[in-house]
Amino acid sequence: MTSFAPDSIVLNRKLPLWYQVSQSLRASILGRSPRDPLRLPTEEQLAGHYGVSVLTMRQALKELEDEGLITRHRRRGTFIEPHARRGAPVRLLGSVDAIVAQQSGMKAELLDHGTAPVPSELAEYFPRVPEVALYHRLRCDEKTGEPTNHARNYVRPELAARIDLDDLARWPMTKVLRDVVGMDISRITDTVEARLADPETARLLEVPLLSPILHYTGITYDLEGRVLDVAVIHYRGDRFSFTVTLDAT
């Protein structure tokens, strides 16, 4: 039986290895094609793929098992749960792969794209850039079709020609910029705040007007400190939560 092939990552030795591996594998599982196999490689094969010990790999798999994304069967192997819903909070420990994992696993509909003037509230992130590439997407739960969030990505205009719209239907912009466009991402700054749904958000997310939503802004920087992308996402307040863990070491 053919096994599912997860993406590769470059590990950051300042973060727990099991955490990085679990988030990378999580993103691969949630972003997989329906045609991909459900069976995962063995623990030893996965450990070799990620360059970690078998013990670290077991800890990463335990995290995914607790979330309900995989099931493990003695003698048969480890399998992806095909109908698992991504509902558990994501523990953000400073990993880009955690951001990718948090945004993966949803069906995305491209509502609009093109060029647009830089919004005044984002002008500080795009100095001397009069226009940006704008992508507006609605994400829905793949199983129920229920809308979960809508996102606007404001991207440096010179990157637009290298972004395939088909990739945006499957993957979050962070993954497309890093793994497809080939940009080196140094950091992402996240801000999450509570807001009330405006008329557009209420219509798109199918929630009552002025109901609670989570307003997320993510600023993605390259190695030179330039802003590559500003993501503004509105999440349904009844479907998402964010947990941030600060490592004191």
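**View 1. Arg26 and Glu67 pair up across the chain.** Their side chains meet in a salt bridge (a side-chain nitrogen of Lys or Arg within 4 Å of a carboxyl oxygen of Asp or Glu), here at 2.8 Å, N to O. Arg26 sits in helix α1 (residues 17-30) and Glu67 in helix α3 (residues 54-67), 41 residues apart. Helices here are DSSP runs of H or I, at least four residues, and strands are runs of E, at least two, numbered from the N terminus. Arg26 has 2% relative accessibility, so it counts as buried, while Glu67, at 21%, counts as partly exposed. Buried means under 20% relative accessible area, exposed over 50%, and partly exposed in between (1.4 Å probe, protein chains only).

**View 2. Arg72 meets Glu43 in a salt bridge.** Their closest N and O atoms are 2.1 Å apart.

View 3. Lys62 is partly exposed at 42%; Asp66 is exposed at 55%.

**View 4. Helix α6 (residues 173-180) has a run of buried residues.** Met173, Thr174, Lys175, Val176 and Leu177 are buried. Lys175 also belongs to a salt-bridge network with Asp7, Arg178 and Asp179.

**Notes.** Residues are numbered from 1 along each chain as its sequence is written, and side-chain values use heavy atoms, leaving out hydrogens and water. In this predicted model, local features need pLDDT of at least 70 and side-chain atom pairs count only at pLDDT 80 or more, while totals for chains, interfaces and linings use all residues.
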